[in-house]
Amino acid sequence: MELSLNSDISSGSDAYHIQTEDWGIASPYIVSRIFKNGAVLKSIKTPYSDLIAAPIWDKTAVEEAVKFQHDKILDMLLSGENL
């Protein structure tokens with residue numbers, strides 16, 4: 001695992017934990033798990049093999065993709081959008 005982000009938020013009586021991980025170039029996926037009151041509510045798995053297939057690639061692009069996915073989930077939860 002290359003990078004991991006974790007956030008805890010509350011909405012009403014519900015507590016959410018969002019965990020987003022980069023599985024590394026050997027398994028190029030960004031995986032987010034959304035927990036609601038301790039149980040897995042949803043998993044989101046996004047491939048990024050296209051980023052590392054480029055002749056010249058920058059690890060920063062993967063880090064930004066991890067942060068983007070994590071922040072998008074947080075925004076959706078905070079705005080009341082369905083996941």
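Okay, some housekeeping. The model is predicted, so local features need pLDDT of at least 70 and side-chain atom pairs count only at pLDDT 80 or more, while totals for chains, interfaces and linings use all residues. Residues are numbered from 1 along each chain as its sequence is written, and side-chain values use heavy atoms, with hydrogens and water left out.

Let's start with the hairpin. Find strand β3, residues 29-36, and strand β4, residues 39-47: they pair in the antiparallel sense over eight bridges. When I say strand, I mean a DSSP run of E with at least two residues, numbered from the N terminus. Two strands pair if DSSP finds at least two bridges between them. Now look at Phe35, whose bridge partner in β4 is Val40. There are two residues between the strands of this hairpin, and Asn37 takes a positive phi near 50°.

Buried means under 20% relative accessible area, exposed means over 50%, and partly exposed is in between (1.4 Å probe, protein chains only).

Tyr29 has another neighbour to point out: Lys45 lies over its face, 4.3 Å from the ring centre. To count, NZ of Lys or CZ of Arg must be within 6 Å of the ring centre and within 35 degrees of the ring normal.

Last stop, salt bridges. The structure holds two, each being a side-chain nitrogen of Lys or Arg within 4 Å of a carboxyl oxygen of Asp or Glu. One joins Asp14 and Lys36, at 3.7 Å from N to O. Asp14 lies in strand β2 (residues 14-22) and Lys36 in strand β3, so this pair ties together parts 22 residues apart in sequence. Arg33 and Glu21 also meet in a salt bridge, at 3.7 Å, N to O. Again that links distant parts of the chain, with Arg33 in β3 and Glu21 in β2, twelve residues apart. As for accessibility, Arg33 is partly exposed at 24%, whereas Glu21 is buried at 11%.

That's it from me, thanks!

How values were computed. Helix = DSSP H or I, 4+ residues; strand = E, 2+ residues; numbered from the N terminus.
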